[in-house]
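These are my notebook entries on one protein chain. I set down what I looked up, entry by entry.

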Amino acid sequence: EVGGVGYTPEGSISFRDQQLEAEHTARLATLFEGAFLCNDAGLAKETKVDNKQHERVEWVPAGYPTEVSLLTLAIKMGVSDLKGFKDSHKRVATIPFSSEYKFMATVHATGASRDAAGVCSEGGACSEGEEV
């Protein structure tokens with residue numbers, strides 16, 4: 001169970017009414033990495049000041065609610081820098097969402113594979129970051 005309200009990345013992650021320990025949360029984060037990366041949404045932290053000069057933090061979503069929810073989950077699981085996480089897992093190819101097939105897919109390169117990453121289209125032409 002994931003606790004919290006809205007897109008604010010605060011709340012607990014529990015299983016059978018017991019809060020997960022850091023070790024288990026890290027394992028779940030690894031499982032969900034694909035969901036965090038195969039995602040075109042955004043979640044920005046903004047500081048607002050009301051008419052009495054009180055500051056409050058708001059989390060502003062951009063994109064489809066399901067994708068934004070997955071980003072919120074990523075932060076709850078310890079991915080504090082979403083942009084850095086995505087930058088370290090460079091997207092090299094995308095199969096856009098299809099209403100007919102109801103899925104989207106992405107291919108990412110990390111570490112040493114980033115420099116050599118290339119994607120070949122059906123026609124045989126290869127280029128980095130190509131949509132297939």
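**Entry 1: helix α2**

I began with helix α2, which covers residues 65-76 and has 12 residues, in what is a predicted model. I looked up its span from the first C-alpha to the last and found 16 Å, close to the 16 Å expected at 1.5 Å a residue.

Next I asked which residues of α2 are buried. They are Glu67, Val68, Leu71, Thr72, Leu73, Ala74, Ile75 and Lys76.

I then looked at what follows α2 and found glycine 78, which has a positive phi near 110°.

**Entry 2: positive phi outside glycine**

I also looked up positive phi values in residues other than glycine. Arginine 16 is such a case, with phi near 55°. I located arginine 16 in the loop between β1 (14-15) and β2 (18-19). Is arginine 16 buried or exposed? I recorded arginine 16 as exposed because its relative accessibility is 71%, and exposed means over 50%.

Glutamine 53 is not a glycine either, yet its phi is positive, about 65°. I found glutamine 53 in the loop between β3 (42-49) and β4 (55-62).

**Entry 3: salt bridges**

How many salt bridges does a search of the whole structure find? The search gives four, and I examined some of them in turn.

In one of them, arginine 91 pairs with aspartate 40, and the closest N and O atoms are 2.9 Å apart. This pair links distant parts of the chain, since arginine 91 is in strand β5 whereas aspartate 40 is in the loop between α1 and β3, 51 residues apart. I wrote down arginine 91 as partly exposed, at 26% relative accessibility, and aspartate 40 as exposed, with a relative accessible area of 53%.

I next looked up lysine 48, which forms a salt bridge with glutamate 46 with 3.4 Å between the closest N and O atoms. Lysine 48 is partly exposed, at 31%, and glutamate 46 is partly exposed, at 32%.

I also noted the side chains of glutamate 58 and arginine 56, which meet in a salt bridge at 2.7 Å, N to O. I have glutamate 58 as partly exposed at 26% and arginine 56 as partly exposed at 41%.

**Entry 4: serine 98**

I turned to serine 98, which lies in strand β5 (residues 90-98). Why does serine 98 count as buried? Its relative accessibility is 18%, and buried means under 20%.

I then looked up what the side chain of serine 98 reaches. I found the backbone nitrogen of glutamate 100 at 3.2 Å. The backbone nitrogen of tyrosine 101 lies 3.1 Å from a polar atom of the serine 98 side chain.

**Entry 5: a nonpolar surface patch**

Tyrosine 101 came up again in my last search. I found that Tyr101, together with Ile95 and Phe103, makes a nonpolar surface patch of about 320 Å². I located phenylalanine 103 in strand β6. With a relative accessible area of 39%, phenylalanine 103 is partly exposed.

Methods: Residues numbered from 1 in each chain as written. Predicted model: local features only at pLDDT ≥ 70, side-chain atom pairs only at ≥ 80, totals over all residues. Heavy atoms only, no water. Helix = DSSP H or I, 4+ residues; strand = E, 2+ residues; numbered from the N terminus. Buried < 20%, exposed > 50% of the residue type's maximum accessible area, 1.4 Å probe, protein only. Expected span 1.5 Å × (residues − 1). Patch = residues over 30% accessible without salt bridge, like charges linked within 9 Å, V, L, I, M, F, W, Y side chains within 5 Å. Areas by Shrake-Rupley, 256 points an atom, 1.4 Å probe, with all protein chains shown as cover. Polar contact = N/O pair within 3.5 Å; in protein donor to acceptor, adjacent residues only side chain to side chain.
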